[in-house]
Amino acid sequence: MRPRSRKIDCAGGLSNHMMARVKRRSFRPRTGEFEWIAYFQRQQKLPRDVHVGIGDDCAVVQTGRRGFMGLLKCDACVEGIHFTSKTPLQLVGRKVMARNISDIAAMGGVPRFALVSVALPSNISDPARKKLYLGLRDMSRRHGCEIIGGDTSRSRSGLFVSVFIYGDVEKKLLLTRSGAKKGNDVFVTGKLGGSIKEKHLLFEPRLAQARWLARNFKPTSCIDLSDGLGGDLHRLAEQSHAGFEIDADSIPASPGCSTHQALYDGEDYELLFTIPRSRSGRLQKAWQKKFRLPLTRIGIVRPSSFGIRLREISGRTSKIHPSYDHFRHHA
């Protein structure tokens with residue numbers, strides 16, 4: 001079984017055009033995931049103290065701390081979808097906490113506190129439960145975040161772990177998905193593809209790199225790659241009302257992975273971001289001095305009418321398609 005992931009709570013916002021198209025149809029629980037998210041978008045009425053609602057990696061709210069915004073995120077891991085019954089429980093705990101921290105990173109923020117809800121099957125022993133907790137605790141503490149509460153319940157259909165995380169970010173450093181501009185360069189950190197080789201369990205959230213970027217180069221848009229480069233390019237495109245041209249030969253594939261796998265495997269948890277071309281040269285030089293992690297320019301932002309396209313060395317282009325949909329595919 002291949003683990004697949006998709007964020008539903010504060011991710012995958014739609015353009016006004018798509019929202020209107022979906023609104024003309026009645027909501028059906030078995031329609032696609034974008035339609036499901038659109039349903040929730042139609043229902044939300046943002047209070048004045050909510051800066052960003054559904055449509056980004058985190059919700060963004062005002063706080064009592066001057067000059068800062070609060071970041072709210074909830075993400076879950078479900079047995080049979082994000083891991084199998086044979087996955088070590090310490091790695092399950094590590095993964096679900098790291099997924100949430102990765103979303104905080106994508107907004108330029110810092111994680112502060114976490115709540116954990118767990119539904120446990122009766123066949124999980126006490127020592128195994130402790131390993132699950134250790135995975136959660138060790139990952140959170142590594143990034144300065146403490147687990148301060150949550151809930152436990154019994155499950156009759158596999159293990160379910162959900163984490164709610166609170167973080168904050170300086171207003172001037174806040175990163176979102178909505179600012180990509182025509183002519184911006186597109187960058188990605190790390191290598192892509194190969195999640196099935198346990199990469200989806202062992203990744204490190206790019207918190208330090210995102211904070212450094214926000215402070216020194218302020219990307220115009222940013223997202224963490226949970227649903228694959230192909231899928232998350234569509235998320236950036238929707239929120240920024242932009243198109244993308246990606247160079248096939250520039251995509252940094254993991255060893256043994258094809259370009260197709262780098263585009264669609266998912267669960268890379270690297271940073272995908274855009275910056276003005278005038279800053280690209282300085283960024284690459286400064287990055288090489290600061291980090292060992294690879295940074296690769298993979299394309300350029302185009303007008304929305306261009307779509308999202310992959311350009312081969314030959315000059316031939318093809319569409320980059322959205323990735324996995326929980327409600328139209330099965331693991």
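How many of the 5 residues of β7 are buried? Let me start there. The count is 5 of the 5, so β7 is largely enclosed by the rest of the structure. Before going on, a caution: this is a predicted model.

First, the overall picture. The protein chain has 331 residues, and 57% of them count as buried. Its secondary structure comes to 9 helices and 13 strands. Now take the contacts in the chain with a separation of 6 or more. Residues 24 or more positions apart account for 83% of those.

Back to β7, residues 185–189. Its side chains go two ways. Asp185, Phe187 and Thr189 point one way. Val186 and Val188 point the other way. All of them are buried.

What does β7 pair with? It pairs with β10 and runs antiparallel to it, joined by 4 bridges. Phe187 has Phe273 of β10 as its bridge partner. β7 also pairs with β11, again in the antiparallel sense, over 5 bridges. There, Asp185 is partnered with Ile300 of β11.

Now zoom out to the sheet. It is an open sheet of 7 strands, and the pairing is mixed. Read across, the order is β8-β10-β7-β11-β9-β12-β13. The edge strands are β8, residues 221–224, and β13, residues 317–319. Each of these two pairs on one side only. From one strand to the next, the twist averages 25 degrees.

One more pairing in this sheet. Strand β9, residues 242–247, runs antiparallel to β11, and 5 bridges join them.

Helices next. Helix α7 covers residues 228–240 and packs on the sheet. It touches β8, β9, β10, β11 and β12. Its direction makes about 145 degrees with that of β8. Helix α3, residues 89–106, lies across β8 and β10. α3 runs at about 175 degrees to β8.

Now look at α9, residues 280–290. Which residues of this helix are buried? They are Ser280, Leu283 and Trp287. Look down the axis of α9, and these buried residues fall within an arc of 55 degrees, so they line one face of the helix. Turn to the face pointing away from that buried side. It carries the exposed residues Arg282, Lys285, Gln288 and Lys289.

In general, two packed helices are described by the angle between their axes and the distance between the axes. For α6 and α9, the angle is about 140 degrees, and the axes are 12 Å apart. That makes α6 oblique to α9. The crossing is right-handed.

Which residues meet there? From α6, they are Gln209, Trp212 and Leu213. From α9, they are Leu283, Ala286, Trp287 and Lys290. Notice two names on that list. Leu283 and Trp287 are also among the buried residues of α9.

To close, back to the opening strand. β7 has β10 beside it, and β11 as well.

Conventions. Residues are numbered from 1 along each chain as its sequence is written. This is a predicted model: local features need pLDDT of at least 70, side-chain atom pairs count only at pLDDT 80 or more; totals for chains, interfaces and linings use all residues. Side-chain values use heavy atoms; hydrogens and water are left out. Buried means under 20% relative accessible area, exposed over 50%, partly exposed in between (1.4 Å probe, protein chains only). The arc is that of the directions from the helix axis to the C-beta atoms. Contact means heavy atoms within 4.5 Å. Two strands pair if DSSP finds at least two bridges between them. Axes are lines fitted to C-alpha atoms, for helices over the stretch in contact, and angles run from 0 to 180 degrees between N-to-C directions. Angles under 35 degrees count as roughly parallel, over 145 as roughly antiparallel, 65 to 115 as roughly perpendicular and the rest as oblique. A crossing is left-handed if the near helix is turned anticlockwise from the far one by less than a right angle, and right-handed if clockwise.
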